[in-house]
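Me: I have just opened this structure and would like a guided tour. Could you take me through it?

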Amino acid sequence: MRLTNMSDYAVRLLIYLGSHRDRLCTIAEVAQVYGISEPHLMKITHRLAQRGWIRTVRGKNGGMELAHEPAEIRLGALIRDMENDLALVECMGADNHCILSGCCGLKSIVTGAMQAFMSHLDAHTLADVIPATPPAAIRVPPDRLATHV
């Protein structure tokens, strides 16, 4: 299984915000630190704000911050919220046309694996993944810096 970039970048954004609790952070600075395009990060920020993970402040001194304490943000809940499709095989999805449905044992095995995966993520919070060295202190190679679109 592989999470989408949307989930990966959402976690990175929350890590950054969790590492800088003393101030509002901007999309531009987060994009620069992680080498993510600002338009892509803007979509993720919008979704996180709509779903209540972060708070945003508009204007000259605006930015974003966590809406909850890092220890209150369960990684499993965040991933469920960010992923559009967690159906790992066709028979788990709404548009199932698999001719083996009903006679194949794969669905129950994959469902069990997904439940174990999500349970493991549910056991961890954002506080568990915030590094001791804040992301702004991490040097990003010049070739990884975001290009403005």
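Me: Before that, what kind of model is it?

Reply: It is a predicted model, in which local features need pLDDT of at least 70 and side-chain atom pairs count only at pLDDT 80 or more, while totals for chains, interfaces and linings use all residues. Residues are numbered from 1 along each chain as its sequence is written, and side-chain values use heavy atoms, with hydrogens and water left out.

Me: How many helices and strands does the chain have?

Reply: There are six helices and two strands, where helices (H or I, at least four residues) and strands (E, at least two) are DSSP runs numbered from the N terminus. Their order from the N terminus is α-α-α-β-β-α-α-α.

Me: And what share of the residues is buried?

Reply: Of the 149 residues, 34% count as buried. Buried means under 20% relative accessible area, exposed means over 50%, and partly exposed lies in between (1.4 Å probe, protein chains only). As for contacts (heavy atoms within 4.5 Å), residues 24 or more positions apart account for 68% of those with a separation of 6 or more.

Me: On to helix 1. How many of its residues are buried?

Reply: Helix 1 is mostly covered, with 11 of its 15 residues buried. Among them are Y9, L13, L14 and L17. The elements covering these buried residues include helix 2 (27-34), helix 3 (38-50), strand 1 (54-57), strand 2 (63-66), helix 4 (75-82) and helix 6 (126-129).

Me: What about helix 4?

Reply: Helix 4 is also mostly covered, since six of its eight residues are buried. The buried residues are L75, G76, L78, I79, D81 and M82. They pack against helix 1, helix 3, helix 5 (106-122) and helix 6.

Me: Now the strands. How many bridges join strand 1 to strand 2?

Reply: Four bridges join them, and the two strands run antiparallel; two strands pair if DSSP finds at least two bridges between them. They form a hairpin with five residues between the strands, and G59 in the turn has a positive phi of about 110°. V57 stands opposite G63 in strand 2, and R55 has E65 as its bridge partner.

Me: Is E65 buried or partly exposed?

Reply: E65 is partly exposed, with a relative accessible area of 28%. Leaving aside residues up to four places away in sequence, E65 touches L17, L24, I54 and R55. The C-alpha atoms of E65 and L14 are separated by 8.4 Å, although these residues are 51 apart along the chain.

Me: Last topic: what is the volume of the largest pocket?

Reply: The volume is about 300 Å³. On a 1 Å grid over the protein atoms alone, a pocket is an open set of points with protein on both sides within 12 Å along at least five of seven lines, and lining residues have an atom within 4 Å of a point.

Me: Which element gives the most to the lining?

Reply: Helix 3 does, with four residues. The lining residues include M42, H46, V57 and R58, and they divide into six nonpolar, five polar and one charged.

How values were computed. On a 1 Å grid over the protein atoms alone, a cavity is a set of points where a 1.4 Å probe fits but cannot get out, and a pocket is an open set with protein on both sides within 12 Å along at least five of seven lines; lining residues have an atom within 4 Å of a point. Grid points are joined across faces, edges and corners, and a volume is the space filled by probe spheres set on the points. Ala, Val, Leu, Ile, Met, Phe, Trp, Tyr, Cys and Pro count as nonpolar, Asp, Glu, Lys and Arg as charged, and the others, Gly among them, as polar.
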